[in-house]
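Have the picture open as you read.

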Amino acid sequence: MRISAKADYAVRAALELAATEEDTSVKAEAIAAAQGIPHKFLEGILGDLRRGGLVASQRGGKGGYRLARPADTISIAEVIRVVDGPLVSVRGVRPPELSYCGPAESLLPLWIAVRANVRKILGEVTLAEVAAAELPGDVLGLAEDPEAWTNP
């Protein structure tokens, strides 16, 4: 699985907003500087997040961006889906829309299982949990496995 730069930047920007006080707007320039995200790229991402209903914007001297909902109601999966579409696809196709034959027939349940596990983790972890460094125990357990940190 690949996490695109756009998805990574979107999650990081949303986390910056989650870490600010509720109803406080943050300028795009401040988010870009804090997370090392190219400002112009971030503007497009924030627009996507706004159109997706995750971020609200305000114009003016005290303007900027803020989360449209409480951080504990926004999953990491929601952020990624808004900017990148489905969490898991095969050649740009969602797994249930695929079909295989012969020895490749059992690939479909494998892709479905991969999707289910990605959904389980990214769909259950919220911006609030990540921003507070309070990841769920099952996620921490997976990350504590030394094999998880190695590249085969």
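Start with I76. This is a predicted model, and in it I76 has a relative accessibility of 7%, which is under the 20% cut-off, so I76 counts as buried. You'll find I76 in helix α4. Who does I76 touch? Leaving out residues up to four places away in sequence, I76 touches V11, L122, V125, T126, L127 and V130. Now look at L15: it sits 61 residues away from I76 along the chain, yet their C-alpha atoms are separated by 9.5 Å.

T126 is in the loop between α5 and α6. Is T126 buried or exposed? With a relative accessibility of 13%, T126 counts as buried, because the cut-off is 20%.

**Pockets**

Two helices, α5 and α7, each supply at least two residues of the lining of the largest pocket, and α7 gives the most, with 3 residues.

| Pocket | Volume | Lining residues by class |
|---|---|---|
| Largest pocket | about 460 Å³ | 11 nonpolar, no polar, no charged |
| Second largest pocket | about 270 Å³ | 7 nonpolar, 2 polar, 3 charged |

Residues lining the second largest pocket include M1, R2, D84, W111 and V114. A run of others, among them P86, L87, V88, S89, V90, R91 and G92, lines that pocket too.

**The core**

Next, the largest nonpolar core, which has 36 residues. Within this core, L46, L49, L67, V79 and L127 touch the most other members. The elements giving two or more residues to this core are α1, α2, α3, β2, α4 and α5. Which element gives the most? That's α1, with 9 residues.

Take L67 as an example. Setting aside residues up to four places away in sequence, L67 touches A14, L17, A18, L54, V55, A56, I74 and L127.

**Helix α3**

Now for α3, a helix of 13 residues. From its first C-alpha to its last, α3 reaches 18 Å, close to the 18 Å expected at 1.5 Å a residue. Its buried residues are L42, I45, L46, G47, D48 and L49. They pack against α1, α2, β1, β2 and α4. Just after α3 comes G53, with a positive phi of about 80 degrees.

**The whole chain**

Finally, zoom out. What does the secondary structure of the chain come to? There are 7 helices and 2 strands, and from the N terminus on, the elements run α-α-α-β-β-α-α-α-α. The C-alpha trace spans about 65 × 30 × 25 Å along its principal axes. Of the 152 residues in the chain, 32% are buried. As for contacts between residues at least 6 apart in sequence, 56% join residues at least 24 apart.

How values were computed: Residues are numbered from 1 along each chain as its sequence is written. This is a predicted model: local features need pLDDT of at least 70, side-chain atom pairs count only at pLDDT 80 or more; totals for chains, interfaces and linings use all residues. Side-chain values use heavy atoms; hydrogens and water are left out. On a 1 Å grid over the protein atoms alone, a cavity is a set of points where a 1.4 Å probe fits but cannot get out, and a pocket is an open set with protein on both sides within 12 Å along at least five of seven lines; lining residues have an atom within 4 Å of a point. Grid points are joined across faces, edges and corners, and a volume is the space filled by probe spheres set on the points. Helices (H or I, at least four residues) and strands (E, at least two) are DSSP runs, numbered from the N terminus. Ala, Val, Leu, Ile, Met, Phe, Trp, Tyr, Cys and Pro count as nonpolar, Asp, Glu, Lys and Arg as charged, and the others, Gly among them, as polar. A nonpolar core is a set of buried Ala, Val, Leu, Ile, Met, Phe, Trp, Tyr and Cys residues joined through side-chain atoms within 4.5 Å. Buried means under 20% relative accessible area, exposed over 50%, partly exposed in between (1.4 Å probe, protein chains only). Contact means heavy atoms within 4.5 Å. The expected span of a helix is 1.5 Å times one less than its number of residues.
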